[in-house]
Amino acid sequence: EKALLALASPPCQRLFALIESDFTPLSLCQDAKPFLDQIVGEVQAIEGTEEGKEDRPAAPVTSLLTDYITPLKQIIFFRLMKQLSEV
């Protein structure tokens, strides 16, 4: 972990804690959705503040967060399948 988690945004930190904790398989997706929505909201907020600023490139964080939404959903899915297979 090396203290990198402290540098992440709060929704990312909470999503990490949820995925790494013991969770109820039936509620994992429902519990993770608000955090994913907040991450997408942060991306949209960053994009909104960058509109109309042609002299500056868009924030690199924007593309990084967007690129990780699908892999995060896949991780959640695989954790769910792993948990269900152990029941």
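Rings of Phe, Tyr and Trp (for Trp, its six-membered ring) are taken as a pair if their centres lie within 6.5 Å, and a pair counts as stacked with planes under 30 degrees apart, as edge-to-face with planes over 60 degrees apart and as tilted for the rest. By this rule, the structure has one aromatic pair. The model is predicted, so local features need pLDDT of at least 70 and side-chain atom pairs count only at pLDDT 80 or more, while totals for chains, interfaces and linings use all residues. Residues are numbered from 1 along each chain as its sequence is written, and side-chain values use heavy atoms, with hydrogens and water left out.

**Aromatic pair**

- The rings belong to Phe 77 and Phe 78, and because their centres are 5.6 Å apart and their planes stand at 65 degrees, the pair is edge-to-face.
- Phe 77 is partly exposed, with a relative accessible area of 43%, whereas Phe 78 counts as exposed at 54% (buried means under 20% relative accessible area, exposed over 50% and partly exposed in between, with a 1.4 Å probe and protein chains only).

**Nonpolar surface patch**

- Phe 77 and Phe 78 also belong to a nonpolar patch on the surface, together with Met 81, Leu 84 and Val 87, and the accessible area of these residues together is about 530 Å².
- Such patches are made of residues with over 30% relative accessible area and no salt bridge, where nonpolar side chains (Val, Leu, Ile, Met, Phe, Trp, Tyr) are joined within 5 Å and like charges within 9 Å; the areas come from the Shrake-Rupley method with a 1.4 Å probe, and for residues only the protein chains shown count as cover.
- Leu 84 lies in helix 3 (residues 60-85) and is partly exposed, at 39% relative accessible area.

**Salt bridges**

- The structure holds two salt bridges, each being a side-chain nitrogen of Lys or Arg within 4 Å of a carboxyl oxygen of Asp or Glu.
- Lys 33 pairs with Asp 37, with the closest N and O atoms 2.8 Å apart, and these residues, four apart in helix 2 (residues 28-50), are separated by about one helical turn.
- Lys 82 and Glu 86 form a salt bridge at 3.1 Å from N to O; Lys 82 is partly exposed at 46% relative accessibility, and Glu 86 is exposed at 53%.

**Buried side of helix 1**

- In helix 1 (residues 10-20), Pro 11, Leu 15, Leu 18 and Ile 19 are buried.
- These residues lie on the same side of helix 1 because they cover an arc of only 95 degrees around the axis, the arc being that of the directions from the helix axis to the C-beta atoms.
- Helices are DSSP runs (H or I, at least four residues), numbered from the N terminus.

Terms used:
Helix = DSSP H or I, 4+ residues; strand = E, 2+ residues; numbered from the N terminus.
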